[in-house]
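Here's a quick tour to read alongside the model. Grab your viewer and follow along.

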Amino acid sequence: MIDRGTCKTMLRESARLMLEHAERLSDIDSRFGDGDHGITVTKIAKLVNERIEAWDDASIKDFLDDLGMDVMAVRGGSAGPLYGTLIGGLGAQLGDDENELSADAVRRMFAGCLAEMQDITTAQVGDKTMMDALIPAVKAAQACAAPDDGPVDVLMAAAEAAEEGARASEGFASKFGRARSYGDRTIGTPDAGAVSTSLFLRGLANGASLPRS
C-alpha cells in the first residue's frame, strides 16, 4: 500500500528527475519550439518540492488537487496548465479519506488523470504531445490487474509504457503548438512534453520503491 509518506517520496523523485533533465528538455524544445520547456519544468519541480515540505494533514486527494491548482499558475506557456491538470487529475478519482492506496487506487489515479486531461486537449497518440506518453501509461496501468500486482507494479508498468511512448514520438509529425508549423521536419525529434511526462511518471514509480522520508 502507498501512504502519504510514500506519496511525498514519489513526488520528490519526479521533481528530482525533471530538474536533472531540464537542460535536455529545453534543448529538445529549442529545435521546433520556444526552447523553454526545461525552464518551466524547473519551476514546476521546485514548486512541487516546496509544497511537499508544507504538506500537513491534508489527504492525498486534497494535496494533489491543491498542488495541481498551484502548478496551473506557473508561467511558461502551456506546460503549467497541462501539468497542473495532470497532477490534480491524479487525485480526481480518489476518496476524500483514501490515504492508503492499493493497486486499484493507483489505476484510478491514472484513469482520473487521463479523463481530466481529455477535458482540455483533443491530442491523441501520434500527435506529438505529452499525450504520446500519458495515454500508453494509462492503458498499461489499467492492464496491470493480475491478482498479485501491487501498486508499485502498476506504477512501473505505466512508467515503462510512458518511456516507450516518448521514444515513439520521434516518429511523429507535430500537430499541436508552435512545432505544428514545421510539419514533417519534426520527425526524428521526440516531443519535449512527452519526454518530461515520462520523467514525471518514472519518478512516481521509482519513488514508490524508495524508503520514505
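Let's begin with a residue in a loop: Lys128 lies between α6 and α7 (131-143), where helices are DSSP runs of H or I with at least four residues, strands are runs of E with at least two, and numbering goes from the N terminus. This is a predicted model, so local features need pLDDT of at least 70 and side-chain atom pairs count only at pLDDT 80 or more, while totals for chains, interfaces and linings use all residues. Residues are numbered from 1 along each chain as its sequence is written, and side-chain values use heavy atoms, with hydrogens and water left out.

**Two residues to look at**

- Lys128 isn't a glycine, yet its phi is positive, at about 65 degrees.
- Lys128 has 5% relative accessibility and therefore counts as buried (buried is under 20% relative accessible area, exposed over 50%, partly exposed in between, with a 1.4 Å probe and protein chains only).
- Met1 sits in the segment before α1 and counts as exposed because its relative accessibility is 64%.
- Leaving aside residues up to four places away in sequence, Met1 touches Glu100, Leu101, Ser102 and Pro151 (contact means heavy atoms within 4.5 Å).
- From Met1 to Arg12 you go eleven residues in sequence and 18 Å in space, C-alpha to C-alpha.

- The buried residues of α4 are Ile60, Lys61, Phe63, Leu64, Leu67, Gly68 and Val71.
- They cover an arc of only 160 degrees around the axis, so they are on the same side of α4 (the arc is that of the directions from the helix axis to the C-beta atoms).
- Packed against the buried residues of α4 are α1 (4-20), α3 (37-53), α5 (79-89) and α6 (103-118).
- In α6, 16 residues reach 23 Å from first C-alpha to last, close to the expected 22 Å.
- Among the buried residues of α6 are Arg107, Met109, Phe110 and Cys113.
- The cover over the buried residues of α6 includes α4, α5, α7, α8 (151-168) and α9.

**The core**

- The largest nonpolar core has 61 residues, and Leu11, Leu134, Leu155 and Phe200 have the most contacts inside it (such a core is a set of buried Ala, Val, Leu, Ile, Met, Phe, Trp, Tyr and Cys residues joined through side-chain atoms within 4.5 Å).
- Helix α9 (residues 192-208) gives the largest share of this core, nine residues.
- Phe200 touches residues including Leu11, Met18, Tyr83 and Ile87, not counting those up to four places away in sequence.

- Two cavities of 30 Å³ or more turn up in a search of the whole structure (on a 1 Å grid over the protein atoms alone, a cavity is a set of points where a 1.4 Å probe fits but cannot get out; a pocket is an open set with protein on both sides within 12 Å along at least five of seven lines; lining residues have an atom within 4 Å of a point).
- The largest cavity holds about 70 Å³, and its lining is Cys7, Met10, Leu11, Ile60, Leu64, Leu90, Met109 and Leu204.
- Both α1 and α4 give two or more residues to that lining, with α1 giving the largest share, three residues.
- The largest pocket has a volume of about 710 Å³ (a volume is the space filled by probe spheres set on the points, which are joined across faces, edges and corners).
- Of the 30 residues lining the largest pocket, Asp29, Ser78, Phe176, Gly177 and Asp191 lie nearest its centre.

Methods. Expected span 1.5 Å × (residues − 1).
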